[in-house]
Amino acid sequence: MLRTALLVAGKDLRQRLRDRSALVIAFIAPFVLASIVGLAFGGDFAFRATYAVADADRGPVATGFTDGVLASEGLRDLVTVRRVDAGEARALVDRGEVDAAFLLPAGLSAAVQAGRPATLTVVESGENPIAGQVARSLAEAYTAELAATGLAVATALDAAGRPPTEAAAQRLGERAAATRLPAQLVEGQVGGRTIEAANYFGPSMAIFFLFFTVSFGARSVLTERRQGTMRRLLATAAPPGGVLAGKALAAFTLGTASMLVMWLATTVVFGADWGDPVAVVALIVSSVLSAIGITALVITLAKTDEQAEGYSSLVVFTLALLGGNFIYLAQLPELLQRAALLTPNGWALRGFVDLVADGGGLATVALPVAVTLSVGLVTGALALYRARRLVVA
Amino acid sequence: MDDGPVLWCKDLRKRFKERLAVDGVGFEVAPGETYGLLGPNGAGKTTTISMICGLLRRDGGEVTVAGASLDRDPGLVKAAIGYVPQDVALYPDLSGLENLRFWGRMYGLTGRELNERVDATLEVVGLTERSGDKVSDYSGGMQRRLNIAAGLLHRPRLLVLDEPTAGVDPQSRNAILGNVEALGGEGVAVLYTTHYMEEAERLCDRVGIIDQGRLVAEGTRRELVATVGERDRIELAATGDLAALAGVAARLEGVDEAGVVAGGVHLVARDGRRLLPRLLEAAEHAGAEVTSVELVEPDLEAVFLHLTGKALRD
């Protein structure tokens, strides 16, 4: 059995290494595409935004927002603020020179202090939806906090029988500003987590092409049936299980080599750092196994080479789109971010991103490794069951 | 078991849904003997050898190869068989040498023995010079020869060839038949399926005629031809008094039937070759002038026709 598996794997690898298109898919295309996509998305994926602020109020509530929120430690390095008047702010938004504008009307502080309704306007450019969403979240969080502290203002008013002093109002504004940033910002994948393009699209493209790279293993079963060599293999004393194991071994070897080469290439050429090597290897192995399992299962549903190619392409592209292989996941709506976790490549990618952004080792990627490995084992077992009809008369 | 048949099979049966593909086929092949399974396409030849080679599950029957039972020792049986499939079953993107090395290893050959066998086999099939070329660059005939070589590498006790000359040019066909003829002399038992009567007559020591999944007759060529009476057909194209010619011919010893047909006389006779001089002399006496003679001796085609009522290529 082992001898058969090794012989078949050796033969399959020899065939693949002779096939230029296979080499391109395994080793060149992931690197080239990662480079192109990385360049298109800029050098890194740290959140950056430029906001215009039109502060016609100049009071403590407005200052609390501009100095306490926009210039806070969490956002200081990520947000560039241009102080302009309201007209210019709208013009900058219209021209797309800023991502959003905050319009703080005259009398804002006084209205808050008096417990009257007040409006903080956010104008989004639409060119950078993430930055616009963050601007809206910042404003909503601040006004929500003002509403809460407004009760304190009202209470102070009731107790003392007169409006709070300017100093008291300023303290309330500072309290509002000092509260936690919106959970969406702090806990989301964007805020504070810097992912270099090479660190994201390196693994991302490697995983995407991995599916194509390893799909040859299952497809070659159909090819060997078509060209009659499967019958000939089975006419020797080769056990069918050994033949299938050899094909899986060849796919695993080539898939792992493809990922390792991508890791090495992005490290050497772009200075990427995928994280702890042991954890990276664990993720690579589990990702390769899941890719082999899924493609094998899909291909065993096909009856011809052409069908197999069609089915596997459809599944691979769907998984890639859902899993975030083509676009940074954090830039997608929450629903799609959750949908990514329905795919093994989404989990693998999450593992690689966690490793880069959060550091750590095997513990950091334990869940992604467990999920991708489970997917690989389950789909692989189903594929093996279905493949029996292909190798047993 | 060395003195016994290399292949012994009995009562092989296989059904595909409603169709009974093989129905009680059984025969044996001795060492050095070439046994032909002759029948039209769809007769059950490939199904029969697929069961013998362990490639197809049997519904019934027994197979023993080189003393090993296919049921009890399938590994031994497969190791004793060299299987050459009907279509070229090789890796087109590998060279001839790489293909043979791979198939040799699959049959358990290693190291020096593997190298020697590969070299010798390439020599036998005349592909030594082209062994480094990709199989996809070979001509159809060369691919066929390499296809046979892959089945010979491990020196099998039984070589099973499934229509190895289908779609091959005459030159390559001749080379393949020459290779197979040589194998019999080396003591290899050969099971050869074909629907070409000429190949069966040239190569096979014994022939089994198979039709609709049943072995309808079996024996040497002589034995099979005897079943149709060993009578020759003679067609004389002639002018003059054809009725007188038919009458004279009918009275000759060895002639069983004689009758006038359009443009000549038709005869059925025993040992037609020896009869011809006397026939021509009789024609002269009868006042007829013979313009051409066609002698049709009985062959396996005629046997098949006699047994099944249809031609081999129907």
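In strand β2 of chain B, B:Glu28 is the bridge partner of B:Trp8. B:Trp8 also stands opposite B:Thr64 in β4(B). This is a predicted model, in which local features need pLDDT of at least 70, side-chain atom pairs count only at pLDDT 80 or more, and totals for chains, interfaces and linings use all residues. Residues are numbered from 1 along each chain as its sequence is written, while chains are lettered from A and ligands numbered from 1 in the order in which they are written.

- Four strands of chain B make an open sheet in the order β2-β1-β4-β5, with antiparallel pairing.
- The edges are taken by β2 and β5 (68-69) of chain B, each with a single partner strand, so one side of each has no neighbour in the sheet.
- Helix α1 (residues 45-52) of chain B packs on this sheet and touches β1, β2 and β4 of chain B; its direction makes about 120 degrees with that of β1(B), where axes are lines fitted to C-alpha atoms (for helices over the stretch in contact) and angles run from 0 to 180 degrees between N-to-C directions.
- Strand β1 (residues 7-16) and strand β2 (residues 19-29) of chain B run antiparallel and are joined by eight bridges; along them, B:Leu12 stands opposite B:Val25.
- The two strands β1(B) and β2(B) form a hairpin with two residues between them, and B:Lys17 in the turn has a positive phi of about 55 degrees.
- Five bridges pair β1(B) with strand β4 (residues 60-65) of chain B, in the antiparallel sense.

**Where the chains meet**

- In contact terms (C-beta atoms, placed from the backbone, within 7 Å), 17 residues of chain A meet 20 residues of chain B.
- On the side of chain A that touches chain B, α1 (2-18) and α10 (229-235) of chain A each supply at least two residues, and α10(A) gives the most, with six.

**Cores and a buried helix**

- A residue is buried if 20 or more other C-beta atoms lie within 10 Å of its own, exposed if 12 or fewer, and partly exposed in between.
- A nonpolar core is a set of buried Ala, Val, Leu, Ile, Met, Phe, Trp, Tyr and Cys residues joined through C-beta atoms within 7 Å.
- The largest such core has 153 residues, and A:Leu210 and B:Val190 are among those with the most contacts inside it; helix α9 (residues 197-227) of chain A gives the most to this core, with 15 residues.
- A second, separate core of 32 residues includes A:Leu75 and A:Val134.
- Beyond residues up to four places away in sequence, B:Val190 touches several residues, including B:Thr34, B:Tyr35 and B:Leu183.
- In α12(A), 20 of the 24 residues are buried, so this helix is largely enclosed by the rest of the structure.

**A loop residue, B:Thr227**

- B:Thr227 is in the loop between α8 (221-226) and β11 (231-240) of chain B, and it counts as partly exposed because it has 15 C-beta neighbours inside 10 Å.
- B:Thr227 and B:Val303 are 76 residues apart in sequence, yet 7.3 Å apart in space, C-alpha to C-alpha.
- Not counting residues up to four places away in sequence, B:Thr227 touches B:Ala217, B:Val303 and B:His306.

Technical notes: Pairing = 2+ DSSP bridges. Contact = placed C-beta atoms within 7 Å.
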